Amino acid sequence: MDQGPVQVGKAALWMTGAIASFSSMAIAGRELSVTHDTFEIMMYRSFVGILVVSLVLTATKSWSQVTTRRMGLQVARNVVHFTGQNLWFYAVTVIPLAQVFALEFTQPLWVIVLSPLLLGERLTPVRVAAAAIGFIGILIVARPGATTLNIGVVTAAMSAIFFAITTISTKKLTQIASIGCIMFWLTVIQAILGIAASGFDGDIALPTLQTAPFLILVGLAGLLAHFCITNALSIAPATVVVPIDFARLPTIAVLGMLLYHEPLDIWVLVGAAVIFAGNYINILDASGKLRAGRRA
């Protein structure tokens, strides 16, 4: 793969779109929490997703890709993702946005820990070291004992675990299903889950003129963020893309300060840097193995 300045520049542009999308989704989620609970946010987000994915499948004449193979895995994946996303949306309403994003960066570390159990992958010494460094970062961010371990920190950390399981199950699904198929069932199944969870108490808040734009933004931002990351990874290696992605932490920290008067907590930034170091060590190790495989 050509890793010249032009390709890196293009990847950086795609990642700028991902950073803007993730940040806008967090802010929109917080604004929506005044009127809608997390289940309703997920329900309306899925409605927007169904519309967008259906339009794309129609425009590209790709409906034949949508199959019902491994529906059990499709359902399980989306139940897990639905749970993780609800936890994430709850976390952005109760703790500083920078803290949520810092804990979200632990997702790849949980993939390292869970892959031997769910995928049968070998846990190498480097992976163990990377995970250990990352978890030191978690302790720095959460600082149990120094501060009260509140429900927001717990839900943010748990969302990362559920996102990791989602990543692992997605890896399995990509072996037998197209991205279009996976995205279609993601939006449909999570819409059903959202309707069931939102209507459980017999009260579903309808969109208003104030909330509708934010609901549409959440739906579009979630899809756009992953589209941007996928394009960035298609033209540049993870060793380039991941450091750029880390820029969304200081970005959301500044936005949280400007919009919600959240303090800039130096320990959150330090802990996030340690988490990043653990992730990056694992990426460098994986990249080295890939290069060795090509030489062989």
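1. The side chains of Glu 262 and Arg 30 form a salt bridge, 2.5 Å from N to O. This pair joins distant parts of the chain: Glu 262 sits in the loop between α11 and α12, Arg 30 in helix α1, and 232 residues separate them. Both residues are buried. The structure is a predicted model.

2. Arg 248 and Glu 104 also meet through their side chains, with an N to O distance of 3.5 Å. Asp 245 and Arg 248 are buried. Shared partners make one network of Glu 104, Asp 245 and Arg 248. The count of salt bridges is 3.

3. Helix α9 covers residues 212-235. Its 24 residues should span 34 Å at 1.5 Å a residue, and the end C-alpha atoms are 35 Å apart, which agrees. Buried residues in α9 include Leu 215, Gly 219, Cys 228 and Ile 235.

4. A nonpolar surface patch consists of Tyr 90, Val 94, Leu 149, Ile 151, Val 154 and Met 158, together about 480 Å² of accessible area. Helices α3 and α7 each supply at least two of its residues; α7 gives the most, with 3. Val 154, in α7, is partly exposed at a relative accessible area of 30%.

5. On confidence, the chain averages a pLDDT of 89, and 93% of the residues score at least 70. Confidence is highest in helix α2, at a mean of 96, and lowest in helix α12, at 79.

Methods: Residues are numbered from 1 along each chain as its sequence is written. This is a predicted model: local features need pLDDT of at least 70, side-chain atom pairs count only at pLDDT 80 or more; totals for chains, interfaces and linings use all residues. Side-chain values use heavy atoms; hydrogens and water are left out. Patches are made of residues with over 30% relative accessible area and no salt bridge: like charges are joined within 9 Å, nonpolar side chains (Val, Leu, Ile, Met, Phe, Trp, Tyr) within 5 Å. Accessible areas come from the Shrake-Rupley method with a 1.4 Å probe; for residues, only the protein chains shown count as cover. A salt bridge is a side-chain nitrogen of Lys or Arg within 4 Å of a carboxyl oxygen of Asp or Glu. Helices (H or I, at least four residues) and strands (E, at least two) are DSSP runs, numbered from the N terminus. Buried means under 20% relative accessible area, exposed over 50%, partly exposed in between (1.4 Å probe, protein chains only). The expected span of a helix is 1.5 Å times one less than its number of residues. pLDDT is the predictor's confidence in each residue, from 0 to 100.
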